[in-house]
Amino acid sequence: MTLLELTEVGKSYGAVRALEGVSLEVAEGRISCVLGDNGAGKSTLIKIIAGLHQHDEGRYLIAGDEVRLGSPRQALDRGIATVYQDLAVVPLMPVWRNFFLGAELGSFRLDIPRMRSIAREALARMGIELRDVDRPIGTLSGGQRQCVAIARAVHFGARALVLDEPTAALGVKQSGVVLKYVAAARDAGLGVVLITHNPHHAYLVGDHFTLLKRGRMAGSHPRSGISLEQLTTEMAGGSDLAELSHELGRSDPKERPPT
Amino acid sequence: MSAPQDVLTDTGPVRHRHHSRPELGALLAAVAVFLFFSVVAESFLRPASIGTVLYAASTIGIMAVPVALLMIGGEFDLSAGVAVTTTALTSSMISYQLTAITWVGVLVSLAVALGIGSLNGWLLARTGLPSFIVTLGTFLMLTGANLGVTKLVSGTVSTKPIGDMQGFASCHWLFASQFTVGGLTLKATVWWWLGLVVLGSWILLRTRFGNWIFAVGGDAAAARAVGVPVARTKTCLYLGVGFCAWVLGQHLLFSFDTVQSGEGVGNELIYIVAAVIGGCLITGGYGSVVGSALGALIFGMTSKGIVYAQWNPDWFKFFLGAMLLLAALLNSYVKRRAERGPGR
């Protein structure tokens with residue numbers, strides 16, 4: 001079943017066209033990767049999906065209903081959870097407070113013992129064993145923080161998970177761990193939008209690949225329609241790269257004017 | 001599913017508990033100050049002196065509670081000091097001019113106090129300017145309005161006495177009474193202070209709203225992204241400052257009968273000092289209401305202790321400033337540890 005569907009979506013900031021004619025589809029139990037360089041429009045796309053910004057053109061459907069989201073709360077209420085690269089959590093707050101932030105237990109008074117134990121259990125189910133959920137989340141490693149944020153989204157019944165560069169700041173080993181949790185979320189039946197600039201990470205888990213370039217779609221391929229080599233080449237710039245290598249190849253040090 | 005042990009298992013010893021106690025430094029400092037003046041000032045431990053110290057602490061502490069909550073929420077309120085005077089002036093002038101029972105003035109001034117709070121919160125949310133600038137603006141406006149309106153209405157810089165007006169006795173009982181237990185005279189402000197500390201601490205640590213306070217101060221963008229109403233949370237905190245300014249303003253009115261319109265300037269910084277000594281980070285997201293009470297207590301003990309020790313009271317501010325610097329250093333050290341994690 002299709003959870004999220006964007007058709008020819010566009011967004012302008014004043015005179016700047018940040019996004020134009022982008023289409024994307026995410027189904028249950030599928031990982032749809034969005035690849036693009038810096039400034040390709042990935043973060044604008046995320047903000048539209050997450051409800052931080054509204055799109056100006058095109059259609060945005062959640063579970064078949066056309067929406068224009070006014071706030072992140074509305075996205076969350078419709079089962080769209082977004083895990084941001086840098087602002088997934090509040091560093092100085094304990095793990096359990098972060099886990100329940102915005103979805104606290106108890107009408108006004110917090111049910112703290114239950115919140116602590118649920119946070120611990122939900123993390124353990126995802127394979128994250130934290131002895132002390134009272135420690136500030138800022139003391140966890142980057143990979144651990146991402147995993148806590150993913151576990152949080154899974155626990156709160158998200159149907160679609162949007163991940164913004166979850167592996168960007170991580171080493172090889174921690175990236176692998178995070179991707180395992182992404183796969184675990186997929187296996188739990190969630191639809192995942194994985195936004196990244198790393199084709200290798202995308203190809204490890206992705207079912208569909210959408211490429212963005214300067215705010216426009218530069219390609220949309222199912223996994224069966226593209227190899228890792230092709231994906232890497234497209235991501236690295238495709239024809240631009242060939243041209244660049246041509247230019248670089250020509251510059252002979254001897255011909256360079258003295259500086 | 002299993003994860004590599006070294007990546008996702010919390011292998012370090014449980015030694016982070018102290019992070020949840022931002023007021024620890026203030027507690028040690030309060031004990032040290034208490035012991036120090038107990039030794040150097042022989043009259044410090046007399047019941048009368050303790051009552052005086054607690055009264056001085058309470059007049060700061062009542063405001064330090066909401067100011068600390070606001071700082072944990074990541075904002076300042078420089079108008080907090082003069083807002084106290086504004087509420088006292090409003091209450092007095094309304095009752096006097098309308099020849100109404102004093103409760104009318106009390107209630108109207110509560111509305112004014114909450115109005116100032118919501119104005120600060122609204123300006124902050126709408127303009128996106130730093131709260132330092134927004135409340136510096138309202139601070140100056142209130143300072144001017146306090147003097148200007150009082151001179152217009154009363155012809156002088158102070159209000160007319162309202163001690164003989166109807167309702168004064170019951171208002172005086174609520175805001176300015178005192179009673180003596182075993183030689184220790186406690187003013188009403190001490191009870192208000194205790195009540196506000198308990199309430200404020202409970203809200204901060206045990207409620208959903210308290211979770212939001214930490215979040216909007218710690219990282220407003222992250223809080224917004226998970227659905228926390230950031231602007232509403234901050235506006236509520238400003239309303240809290242307004243409410244407490246009203247409590248203290250009514251105390252000043254009903255214990256002194258008249259109000260000087262130029263009062264209150266500079267107190268806003270003392271409230272902030274108490275909050276910082278109590279463990280609040282200037283940058284928000286971390287702090288304690290109980291700590292703010294300890295900060296106010298240190299203020300009370302020092303300001304009166306220096307007098308009981310028969311020293312030159314000029315040194316009080318010097319001491320307070322040194323205390324503030326030490327506390328701010330300690331807080332930023334704690335923050336760095338909390339963010340980076342020990343041994344990393």
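Which residues in helix 1 of chain A are buried? Before I answer, please keep in mind that this is a predicted model. The buried residues there are A:Lys42, A:Ser43, A:Thr44, A:Leu45, A:Ile46, A:Lys47, A:Ile48, A:Ile49 and A:Ala50. Because 9 of the 9 residues of this helix, residues 42-50, are buried, helix 1 is largely enclosed by the rest of the structure. Just after helix 1, if you follow chain A onward, you come to A:Gly51, where phi is positive, at about 90 degrees.

Let me now turn to helix 5 of chain A, which covers residues 142-155 and has 14 residues. From its first C-alpha to its last this helix reaches 20 Å, which is close to the 20 Å expected at 1.5 Å a residue. Helix 5 is mostly covered, with 12 of its 14 residues buried, and among them are A:Gly143, A:Cys147, A:Ile150 and A:Val154. After helix 5 comes A:Gly157, and its phi is positive too, near 70 degrees.

Finally, chain B, which has 14 helices and 2 strands. A compact globule with 344 residues would have a radius of gyration near 20 Å, and chain B, with 21 Å, therefore agrees with that. Along its principal axes, the C-alpha trace of chain B spans about 75 × 55 × 30 Å, and buried residues make up 49% of the chain's 344 residues. If we take the contacts in chain B with a separation of 6 or more, 77% of them are accounted for by residues 24 or more positions apart.

Conventions:
Residues are numbered from 1 along each chain as its sequence is written. Chains are lettered from A and ligands numbered from 1 in the order in which they are written. This is a predicted model: local features need pLDDT of at least 70, side-chain atom pairs count only at pLDDT 80 or more; totals for chains, interfaces and linings use all residues. Helices (H or I, at least four residues) and strands (E, at least two) are DSSP runs, numbered from the N terminus. The expected span of a helix is 1.5 Å times one less than its number of residues. A residue is buried if 20 or more other C-beta atoms lie within 10 Å of its own, exposed if 12 or fewer, and partly exposed in between; C-beta atoms are placed from the backbone. The radius of gyration is taken over C-alpha atoms; the globule rule is 2.2 Å times the number of residues to the power 0.38. Two residues are in contact if their C-beta atoms, placed from the backbone, lie within 7 Å.
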